[in-house]
Amino acid sequence: MAQSVLSACRVSSNFHARYLARARTYVYRVATGCTTYSDLPVFERDLCWANWRGNLRFWELEFVSRSFLYKQVRRMVGALVAIGQSRLQPHHIQELLAARDLMAYPPNIMAPPDGLFLKHVEYYQSDLETED
C-alpha cells in the first residue's frame with residue numbers, strides 16, 4: 001500500500017482537521033494462509049495481520065464513517081475473524097451491539113494494530129476555502 005500525499009491546500013486558521021472531517025475511510029489488511037509473520041513476504045510483514053492456514057491470500061476490509069470510536073475498526077475486524085474461526089457466532093455480534101458497552105467485547109478478539117491504515121479523509125469544500 002503506497003503512502004504518498006496526493007494533494008494539499010491552504011486552509012483558514014480556524015480549520016480543524018479532526019472535527020471538520022465529513023468522512024474517514026480506514027482499510028484493514030488481513031493475510032490468510034499463514035501462521036506466523038515469517039510466512040509472509042518481507043515487504044508485507046508490518047502491513048497486515050497474519051492469520052489462518054490455507055493458501056496465502058490478502059483481504060482488505062474497508063470501513064467508512066463520519067467518525068469511529070476508539071479501536072472500533074480493530075474490534076469489528078477482530079469480531080469478523082473470530083466468527084470465521086468459529087470462536088464467536090453471528091448472534092454474538094447482535095448481542096454485543098445491543099449491549100452498547102465496549103467492555104462487553106471479549107478482550108481476545110480485538111485485531112492488532114498491524115494492518116490498519118487511514119486511507120482517506122473527506123471534507124466539505126466550503127471548509128477547505130481560505131478567508132482572504
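Where is Arg100 found in the predicted model? Arg100 is found in the loop between α2 and β4 (116–123), and this residue has a positive phi of about 50° although it is not a glycine. Most residues other than glycine have a negative phi.

Salt bridges were examined next. The count comes to four salt bridges. Among them is the pair formed by Arg22 and Glu122, whose closest N and O atoms are 3.4 Å apart; because Arg22 lies in strand β1 and Glu122 in strand β4, this pair ties together parts that are 100 residues apart in sequence. Arg22 is partly exposed, with a relative accessible area of 38%, and Glu122, at 31% relative accessibility, also counts as partly exposed.

A salt bridge is also formed between Lys119 and Glu62, with the closest N and O atoms 2.9 Å apart. This pair links distant parts of the chain, Lys119 being in strand β4 and Glu62 in strand β3 (residues 57–65), 57 residues apart. Lys119 is exposed, with a relative accessible area of 53%, whereas Glu62 is partly exposed, at 47%.

The side chains of Arg29 and Glu44 meet in a further salt bridge, with an N to O distance of 2.7 Å. Here Arg29 is in strand β1 and Glu44 in the loop between β1 and β2 (49–51), so that the pair, 15 residues apart, links distant parts of the chain. Both Arg29 and Glu44 are buried, and together with Glu60 these two residues are linked in a network of salt bridges.

Strand β1 (residues 21–32) also contains Thr25, which is buried, with a relative accessible area of 9%. Leaving aside neighbours within four places in sequence, Thr25 is in contact with Glu62, Phe63 and Val64, and also with Phe117, Leu118, Lys119 and His120.

With regard to cysteines, the count of disulfides comes to zero. Cys48 counts as buried, at 0% relative accessibility, whereas Cys9 is partly exposed, with a relative accessible area of 49%.

Terms used: Residues numbered from 1 in each chain as written. Predicted model: local features only at pLDDT ≥ 70, side-chain atom pairs only at ≥ 80, totals over all residues. Heavy atoms only, no water. Helix = DSSP H or I, 4+ residues; strand = E, 2+ residues; numbered from the N terminus. Buried < 20%, exposed > 50% of the residue type's maximum accessible area, 1.4 Å probe, protein only. Contact = heavy atoms within 4.5 Å. Disulfide = S-S within 2.5 Å.
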